[in-house]
Amino acid sequence: MRARRGALMTQSATILGCEGSRLGTDEAAFFREADPLGFILFARNVETPDQLRRLTGDLRAAVGREAPILVDQEGGRVQRLGAPHWREWLPPLDQVARTAPEAMERGLYLRYRLIAAELRAVGIDANCAPTADIAGQDTHPFLKNRCFGADAATVTRAARASAEGLLQGGVLPVMKHLPGHGRAVVDSHLQLPRVGAALGDLDATDFAPFRALADLPMAMTAHIVFDAVDAERPATASAAAIALIRDRIGFGGLLMTDDLSMEALSGTLGERAAAGIAAGCDIALYCKGIRAEAEAVVVASGHLSGAAAARAEQALACRRPPDAIDTALLEAELEALLMGRVHG
């Protein structure tokens with residue numbers, strides 16, 4: 001690996017996806033030049049454990065450092081590593097429903113501790129979870145069973161346990177979607193949701209889990225318009241919404257946009273990236289791996305510097321070697337909890 005200066009300000013304020021299951025010479029050269037803070041993987045990048053270990057190693061070699069490598073491994077519909085090589089997990093809401101209330105937190109800790117072990121084994125050290133959104137009666141189906149519950153207290157407890165499982169497994173949690181996605185009745189992958197609730201109502205419900213979890217190292221924004229905060233721009237591109245995340249909710253960690261490819265956003269990929277960074281997001285997240293679009297995102301996002309660089313350094317410092325576990329024992333305990341046999 002080439003020698004690197006330690007300062008994060010030499011790095012692009014981006015996290016980028018890659019094209020396929022192997023890193024070609026040309027793509028590696030692009031990443032070397034672009035120098036994103038990290039990478040994110042999708043199902044298109046995943047074949048086998050050996051292949052995935054090679055890919056994560058090659059991505060880090062391209063930038064010459066231990067760059068964070070992210071994935072969405074929530075369980076249920078949103079998991080990029082699946083059978084036959086990895087476990088298939090229940091949707092989060094389903095696991096909570098199947099677990100006795102007094103065992104809910106332990107069950108989620110076990111779930112995400114086991115997920116962390118699977119991820120670390122293939123070189124992935126950040127997971128875009130937990131989802132701290134609150135499921136409501138009208139929450140769009142794309143999100144609803146990815147939530148942990150229908151009230152702030154349950155979601156807070158569940159998300160905290162999940163994050164602790166990841167952290168103790170050596171994987172950084174990326175909390176989502178700030179300042180809250182649960183009231184959205186359309187899919188932000190396809191349309192721009194708009195939430196008309198009063199600020200006081202949002203503060204007492206949607207914002208509450210994020211406030212309680214504001215010490216977590218990394219988080220992701222929501223592509224949603226909140227009329228009470230900024231009726232013109234989605235939170236990702238709204239300085240008022242980012243200020244609310246920082247000041248009212250109190251999140252001080254590394255804040256990335258949700259995927260800039262989602263159709264809730266308008267404009268070119270470069271314009272979307274520039275708007276997110278200008279609003280106060282630290283990192284522009286671009287997942288698709290299309291070269292021309294990635295290049296535009298890198299140019300528009302600029303370099304990590306100042307407070308954003310400090311937050312990135314602080315977040316990455318939270319990576320640690322995983323605690324030792326007996327995998328079979330934890331699996332058996334989790335299965336017992338899911339079957340209703342609570343261990344005292």
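The following is a conversation about a predicted model of one protein chain.

Student: Before we start, what kind of model is this, and how are residues numbered?
Tutor: It is a predicted model, in which local features need pLDDT of at least 70 and side-chain atom pairs count only at pLDDT 80 or more, while totals for chains, interfaces and linings use all residues. Residues are numbered from 1 along each chain as its sequence is written, and side-chain values use heavy atoms, with hydrogens and water left out.

Student: How many helices and strands are in the chain?
Tutor: The chain has 13 helices and 12 strands. These are DSSP runs numbered from the N terminus, with helices being H or I of at least four residues and strands E of at least two. The radius of gyration is 19 Å, close to the 20 Å that the globule rule gives for 344 residues, so the chain is as compact as a globular protein of that length. That radius is taken over C-alpha atoms, and the rule is 2.2 Å times the number of residues to the power 0.38.

Student: What box do the C-alpha atoms fill, and what share of the residues is buried?
Tutor: Along the principal axes, the C-alpha atoms fill a box of roughly 55 × 50 × 30 Å. Of the 344 residues, 58% count as buried; buried means under 20% relative accessible area, exposed over 50%, and partly exposed in between, with a 1.4 Å probe and protein chains only.

Student: What about contacts across the sequence?
Tutor: Among contacts between residues at least 6 apart in sequence, 76% join residues at least 24 apart. Contact means heavy atoms within 4.5 Å.

Student: Let us take H6. Why is its length said to agree with expectation?
Tutor: At 1.5 Å a residue, the 17 residues of H6 should span 24 Å, and its end C-alpha atoms are 24 Å apart, which agrees. The expected span is 1.5 Å times one less than the number of residues.

Student: How many residues of H6 are buried, and what do they pack against?
Tutor: H6 is mostly covered, with 12 of its 17 residues buried. Those residues pack against H4, strand S6 (126–127), S7 and helix H8 (207–212). One of them is Ala 159, which counts as buried because its relative accessibility is 0%. Leaving aside neighbours within four places in sequence, Ala 159 is in contact with Pro 130, Ala 132, Phe 148 and Leu 213.

Student: And H13, which of its residues are buried?
Tutor: In H13, the buried residues are Leu 330, Glu 333, Leu 334, Ala 336, Leu 337 and Leu 338. Their cover includes helix H3 (92–98) and helix H4 (104–120). Just after H13, Gly 340 takes a positive phi of about 90 degrees.

Student: Where are the cis peptide bonds you have noted?
Tutor: One runs from Ala 83 to Pro 84, with omega near 10 degrees, and Pro 84 is in the loop between strand S5 (78–79) and H3. Another runs from Lys 176 to His 177, with omega near 0 degrees; His 177 belongs to strand S7 (residues 172–178).

Student: Last topic: what volume has the largest pocket, and which residues lie nearest its centre?
Tutor: Its volume is about 390 Å³, and of its 22 lining residues, Phe 42, Arg 80, His 189, Asp 259 and Met 262 lie nearest the centre. On a 1 Å grid over the protein atoms alone, a pocket is an open set of points where a 1.4 Å probe fits, with protein on both sides within 12 Å along at least five of seven lines, and lining residues have an atom within 4 Å of a point. Grid points are joined across faces, edges and corners, and the volume is the space filled by probe spheres set on them.
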